[in-house]
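Please have a look at the model on the screen before I go on.

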Amino acid sequence: AEGFDLGTTKTCITPVYLKGDVPEAMALVNDLRENYGVFCSIVVYPVIPKGLIILRLIPTATHNCEDIDETIKAFSGVREKLENGTYKQVAAAMMEG
């Protein structure tokens, strides 16, 4: 409903596909963990094509609807920052300093 590309999977891992590069992915996953309280791993180039980021989630039976809503809200927040260039700026500043 929120427009995320989950692809198709037959495993317990739920992929979420976003567009971005490796430095942006690093800033994004750090933001998710530190500011949204969501931990997930990322997959980037050279494992997948350049310009794509996969966030890898493993939902379990202990997660509830509130957890899912919180995660979707966090993903909406980081997607907006990815699209408006925030993570590109963060990555560039980290490279400089």
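Predicted model: local features only at pLDDT ≥ 70, side-chain atom pairs only at ≥ 80, totals over all residues.

Glu34 counts as exposed, at 51% relative accessibility, where exposed means over 50% relative accessible area, buried means under 20%, and partly exposed lies in between, all with a 1.4 Å probe and protein chains only. Its partner is Arg33, and the side chains of Arg33 and Glu34 meet in a salt bridge at 2.9 Å, N to O, a salt bridge being a side-chain nitrogen of Lys or Arg within 4 Å of a carboxyl oxygen of Asp or Glu. Arg33 itself, at 38% relative accessibility, counts as partly exposed.

Residues are numbered from 1 along each chain as its sequence is written, and side-chain values use heavy atoms, with hydrogens and water left out.

How many salt bridges are there by this rule? The count comes to four. One of them joins Asp31 and Lys81, whose side chains meet at 2.9 Å, N to O. Because Asp31 lies in helix H1 and Lys81 in helix H2, this pair ties together parts that are 50 residues apart in sequence; helices here are DSSP runs of H or I with at least four residues, strands are runs of E with at least two, and both are numbered from the N terminus. Asp31 is buried, with a relative accessible area of 7%, whereas Lys81, at 25%, counts as partly exposed.

Another salt bridge is formed by Asp21 and Lys88, with their closest N and O atoms 3.5 Å apart. This pair links distant parts of the chain, since Asp21 sits in the loop between E1 and helix H1 (22–36) and Lys88 in helix H3 (residues 86–96), 67 residues apart. Asp21 is partly exposed at 30% relative accessibility, and Lys88 is partly exposed at 47%.

Arg79 is buried yet has no salt bridge, and the nearest side chain of opposite charge, that of Glu83, is 4.4 Å away; Lys and Arg count as positive and Asp and Glu as negative, with His and the chain ends not counted. Leaving aside neighbours within four places in sequence, Arg79 is in contact, meaning heavy atoms within 4.5 Å, with Glu2, Gly3, Phe4 and Leu18.

The largest pocket has a volume of about 680 Å³. Of the 25 residues lining it, Leu57, Pro59, Ile68, Thr71 and Phe75 are the closest to its centre. Which element gives the most to the lining of the largest pocket? That element is H2, with six residues.

Methods:
1 Å grid on protein atoms, 1.4 Å probe; cavity = no way out; pocket = protein on both sides within 12 Å on 5 of 7 lines; lining within 4 Å. Points joined across faces, edges and corners; volume = space filled by probe spheres on them.
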